[in-house]
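Student: I'd like to learn how to read a protein model. Could you walk me through one, feature by feature?

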Amino acid sequence: ASTESGVWPSLSCVVLDSPYSDFTELAAHVASERKAVFGGFSLPKFVLDLLLASLDASVDARAGLRPTQHLSPVKHAPQCEAPALFVRARRDPLIAQEHVESLAKKYKGPRTLALVEGSHSSPRDVDARRFVARFLARHLPLPPIAKRPPTATAERHLQCAPWSRVRTEFATPSPKSRSRSMPPQSPNSLDSSSPR
């Protein structure tokens with residue numbers, strides 16, 4: 001997001017999970033794949049165009065932007081320099097591999113692509129979260145080792161889904177919240193060019 005002055009904030013790094021390259025292309029992809037994705041029917045192009053025009057007008061009236069003109073990350077990718085981790089789930093029916101790859105190819109800064117298990121909105125498994133944690137540790141200014149939580153506590157946070165964790169700083173989840181957490185899934189497949 002930019003500020004009112006048009007100056008972009010400084011970022012140490014970014015993690016992009018299931019990113020799309022362009023809203024209009026995404027809408028066309030979802031409409032053409034609707035039969036396979038939702039068990040419905042494919043939308044004719046003229047119907048999609050009408051829906052997008054209606055959406056543009058509605059969002060413009062409320063927020064002052066038009067999704068088909070303003071929601072195109074691929075247009076801004078050549079100006080982005082922060083190290084980026086692009087993540088795509090192997091069984092994602094909404095975001096095609098081409099979206100992630102086209103965005104990553106245009107991205108100016110260093111980039112890593114990772115393919116993880118799951119679908120578009122499924123919780124990421126422990127291996128994927130550890131991979132993201134290692135990426136963030138390489139690029140974010142972290143406190144000295146003495147001020148970090150014990151390794152066992154940090155590992156426990158990586159094993160629990162974020163919504164089932166106790167919300168106090170560095171706390172270990174209670175037995176009740178442990179029972180709601182997702183069990184570890186099978187190892188996933190991450191980009192072989194990226195260190196584990």
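This is a predicted model: local features need pLDDT of at least 70, side-chain atom pairs count only at pLDDT 80 or more; totals for chains, interfaces and linings use all residues.

Student: What does the secondary structure of the protein chain come to?

Tutor: Eight helices and three strands. Read from the N terminus, the elements go β-α-α-α-α-β-α-β-α-α-α.

Student: Let's pick a helix. How do I read α2?

Tutor: Start with its length, then ask which residues face where. Helix α2 covers residues 45-63, so to speak a run of 19 residues, and spans 26 Å from first C-alpha to last, close to the 27 Å expected at 1.5 Å a residue. Its buried residues include L48, L52 and D56. These cover an arc of only 75° around the axis, which puts them on the same side of α2.

Student: Which exposed residues does the face turned away from the buried side of α2 carry?

Tutor: There you'll find F46, L50, A61 and R62. Just after α2 comes G64, which takes a positive phi of about 75°.

Student: Which residues are buried in α6?

Tutor: V126, A128, R129, F131 and F135. As for length, α6 (residues 126-139) has 14 residues and reaches 20 Å between its first and last C-alpha, close to the expected 20 Å.

Student: Now the inside. Which residues make up the largest nonpolar core?

Tutor: A nonpolar core is a set of buried nonpolar residues joined through side-chain atoms. The largest one here has 12 residues: V14, L26, V74, A77, A82, A84, F86, I95, V100, L103, A104 and Y107. Two elements give two or more residues to this core, β2 (84-89) and α5 (97-106). The most comes from α5, with three residues.

Student: What is A104 in contact with, leaving aside its neighbours within four places in sequence?

Tutor: A104 is in contact with F86, R111 and L113. There is also a second, separate core of nine residues, which includes C13, L85, V87 and F135.

Student: How many aromatic pairs does a search of the whole structure find?

Tutor: One. To read a pair, check the distance between ring centres and the angle between planes. F86 and Y107 are 5.5 Å apart centre to centre with 85° between the planes, an edge-to-face pair. F86 lies in strand β2 and Y107 in the loop between α5 and β3 (111-116), so the pair ties together parts that are 21 residues apart in sequence.

Student: Are F86 and Y107 buried or exposed?

Tutor: F86 counts as buried because its relative accessibility is 0%. Y107 counts as buried too, at 7%.

Student: Can we finish with α5? Which of its residues are buried?

Tutor: H99, V100, L103 and A104. They cover an arc of only 120° around the axis, which puts them on the same side of α5. The face turned away from that buried side carries the exposed residues E98 and K105.

Note on methods. Residues are numbered from 1 along each chain as its sequence is written. Side-chain values use heavy atoms; hydrogens and water are left out. Helices (H or I, at least four residues) and strands (E, at least two) are DSSP runs, numbered from the N terminus. The expected span of a helix is 1.5 Å times one less than its number of residues. Buried means under 20% relative accessible area, exposed over 50%, partly exposed in between (1.4 Å probe, protein chains only). The arc is that of the directions from the helix axis to the C-beta atoms. A nonpolar core is a set of buried Ala, Val, Leu, Ile, Met, Phe, Trp, Tyr and Cys residues joined through side-chain atoms within 4.5 Å. Contact means heavy atoms within 4.5 Å. Rings of Phe, Tyr and Trp (its six-membered ring) pair if their centres lie within 6.5 Å; planes under 30 degrees apart count as stacked, over 60 as edge-to-face and the rest as tilted.
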